[in-house]
Amino acid sequence: MGLYLNPGKKGFETILNGLYVDKTGLIDYVNGTLDTPLKLTSFSRPRRFGKSFAAKMLCAYYDRSCDSHSLFEGLIISRKDSFEKYLNQYDVIYLDITRFISTGADICKVVTDIQLKVIEELKGAYPDCVDDAEQILADALFHVSHQTGRKFFVIIDEWDALFREAKNNKQLQEEYVEFLRGLFKGGTATDETIVGAYMTGILPIKKYGTESALTDFREYTMIEPLALSEYIGFTEREVRELCDTYHADFDKMKQWYDGYSFSDIKSVYSPHSVMNAVIFKKYKNYWKSSESFTSLKEYITSGYDGLKDAIVFMLGGQRIPVDTDTFQNDMTSISSRDDVLTLLIHLGYLAYDERKGEVYIPNLEVTDAFKTAVKGTKWDEVNKSLSQSEKLLQATINGDAELVAEALELAHETCASSLVYNDENSLSCAILLAYYTAQNSYEIFRELPTGKGFADYAFIPRRDTSKPAMIIELKYNKSADSAIRQIHDNRYDGKLKAFSGKILLVGVNYDKEMKGKKRKHHTCIIEEINGELR
């Protein structure tokens with residue numbers, strides 16, 4: 001048992017000693033790829049989405065130096081047909097790239113350090129197979145396999161750490177890619193040596209143009225997770241079970257940490273944040289301590305055409321189309337708005353709708369992270385709208401129509417900075433941006449418009465608040481009074497039938513011109529009723 005060759009099961013034992021959600025079904029999937037053309041797996045996910053947990057789990061399962069039967073007893077994998085067949089059957093090479101970077105004296109020598117340190121352990125385990133002068137890891141592994149018949153399962157955790165920590169050192173990156181190609185280049189040598197590999201990181205495998213640097217790997221990413229989507233984070237079933245077991249508030253979990261959605265799994269939650277909420281019984285933004293959070297402001301203020309408008313629109317609850325194909329899977333080859341948005345998908349700050357090709361901010365936690373990042377920018381009008389949000393909500397509840405009109409006008413101008421002012425999406429953005437903090441105490445429903453009408457909104461109080469319900473109706477070049485009448489005439493009570501408390505009707509009108517001058521002007525009327533609309 002060593003640091004890199006067969007490190008054992010202790011890492012996974014420690015994980016099981018804490019709060020654990022059973023993700024051992026991933027082992028069964030990987031078992032199905034062993035010694036097949038799909039045996040090389042790359043599974044990228046955001047920081048704190050369980051990447052290292054999975055790597056340690058696989059190590060404990062495959063490592064032939066230990067007996068892991070009791071460790072997996074009762075877990076999902078123990079009920080699978082493949083469980084006994086592959087349990088503790090292989091020599092495992094475990095490479096945590098961040099460890100090599102942090103403990104090495106010179107990051108430029110990391111690739112050399114990796115090979116020499118693993119070869120040193122191979123010499124100790126197989127002294128008759130590895131020559132003292134050997135410096136190439138792929139050759140050392142081949143000699144062991146060729147002489148003993150044993151195969152290796154290779155685990156590389158945080159594979160992309162060099163691309164993040166030495167993002168401007170192209171020579172080192174190319175040396176690292178060549179090292180990986182040497183390990184997994186295919187052909188008879190690799191087939192004889194490698195039974196399978198599992199590589200994890202934040203970024204997908206580096207691309208050069210349109211080609212992956214490691215073409216033999218099957219990739220599973222935040223954009224296309226394929227069969228591994230349920231292992232990206234926690235599923236809704238898993239979160240419900242946690243909430244039931246530990247008496248946590250499922251509705252708040254969903255509000256704060258849900259929002260990632262894939263073709264076969266519609267609700268995926270941020271696992272680290274859910275665990276913290278369960279342990280500390282507090283629902284808040286746990287991303288602020290993440291390393292990637294410190295770079296969020298840098299990415300969103302990088303100045304590419306249309307990027308600021310896209311961020312503002314998404315803060316206003318909208319979805320934005322994105323082309324993910326041009327992203328080169330590194331942090332230095334970014335050349336467009338779409339590259340930034342794609343990077344943010346991989347970092348977990350945006351969710352991706354593969355069917356529509358759109359990105360959006362997934363939940364309240366990430367929205368809060370964006371708000372914090374925006375505070376450090378020179379986006380004065382955006383900051384002003386966000387900072388006034390709580391005041392606007394209270395003004396609405398208090399019936400201060402003039403203040404509400406002013407705040408909505410500011411938000412509308414912010415959302416329409418380079419867009420058609422009376423565009424429906426701009427208006428929708430204005431409402432949700434202006435009422436940003438209302439997400440904490442309301443479920444907000446957008447009523448789809450008909451004909452040429454604009455969006456209506458229903459604000460339904462969450463069960464732990466005593467706030468009134470609200471309906472907001474917008475009109476263009478008419479009057480706030482006509483908006484109120486339309487609410488009554490159309491009986492917008494579909495979302496409010498079960499609500500018997502106070503309801504605020506908020507009618508807002510915006511004029512394209514006022515007194516012959518080109519000026520966007522909003523007026524507002526607020527009416528209070530009780531119970532069902534009459």
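This is a predicted model: local features need pLDDT of at least 70, side-chain atom pairs count only at pLDDT 80 or more; totals for chains, interfaces and linings use all residues.
Residues are numbered from 1 along each chain as its sequence is written, and side-chain values rest on heavy atoms, with hydrogens and water left out. The protein has 23 helices and 17 strands; these are DSSP runs numbered from the N terminus, with helices being H or I of at least four residues and strands being E of at least two. Of its 534 residues, 56% are buried, where buried means under 20% relative accessible area, exposed means over 50%, and partly exposed lies in between (1.4 Å probe, protein chains only).

**Overall dimensions, surface and charge**

- Along the principal axes, the C-alpha atoms of the protein fill a box of roughly 90 × 45 × 40 Å.
- The accessible surface of the protein is about 23100 Å², and carbon and sulfur atoms contribute 47% of it; such areas come from the Shrake-Rupley method with a 1.4 Å probe, and for residues only the protein chains shown count as cover.
- Among contacts in the protein with a separation of 6 or more, 69% join residues 24 or more positions apart; a contact means heavy atoms within 4.5 Å.
- The protein carries 66 positive and 79 negative charges, and their mean positions are 6 Å apart.
- In this count Lys and Arg are positive and Asp and Glu are negative, with His and the chain ends not counted; each charge is placed at NZ of Lys, CZ of Arg, CG of Asp or CD of Glu.

**Helices α19 and α21**

- Helix α19 (residues 380-387) packs against helix α21 (residues 401-415) at an angle of about 140°, and their axes are 9 Å apart.
- The contact involves E381, V382, K384 and S385 on α19, together with L410, A411 and T414 on α21.
- Axes here are lines fitted to C-alpha atoms, for helices over the stretch in contact, and angles run from 0 to 180 degrees between N-to-C directions.
- The crossing of α19 and α21 is left-handed, a term used if the near helix is turned anticlockwise from the far one by less than a right angle, whereas clockwise is right-handed.
- V382, a residue of helix α19, is buried, with a relative accessible area of 0%.
- Apart from neighbours within four places in sequence, V382 touches K308, V312, L315, V374 and T414.
- V382 and C129 are 253 residues apart in sequence, and their C-alpha atoms are 65 Å apart in space.

**Helix α16**

- Helix α16 (residues 307-315) is largely enclosed by the rest of the structure, because 8 of its 9 residues are buried.
- The buried residues of α16 are L307, D309, A310, I311, V312, F313, M314 and L315.
- G317, which follows α16, has a positive phi near 85°.

- D338 belongs to helix α17 (residues 337-347) and is buried at a relative accessible area of 18%.
- Residues up to four places away in sequence aside, D338 is in contact with P321, V322 and D323.
- V322 sits in the loop between β10 (320-321) and α17, and this residue is buried at a relative accessible area of 12%.
- Beyond its neighbours within four places in sequence, V322 contacts D338, L341, T342, Y352, G357, E358 and V359.

**Helix α8**

- D139 is part of helix α8 (residues 137-148) and counts as partly exposed, at 38% relative accessibility.
- D139 and L183 are 44 residues apart along the chain, and their C-alpha atoms are separated by 8.6 Å.

**Loop residues with positive phi**

- Most residues other than glycine have a negative phi.
- R48 is not a glycine, yet its phi is positive, about 65°.
- R48 lies in the loop between β1 (40-44) and α3 (51-62) and is partly exposed, with a relative accessible area of 34%.
- E158, also not a glycine, has a positive phi of about 55°.
- E158 is placed in the loop between β3 (152-157) and α9 (161-165) and is buried, with a relative accessible area of 7%.
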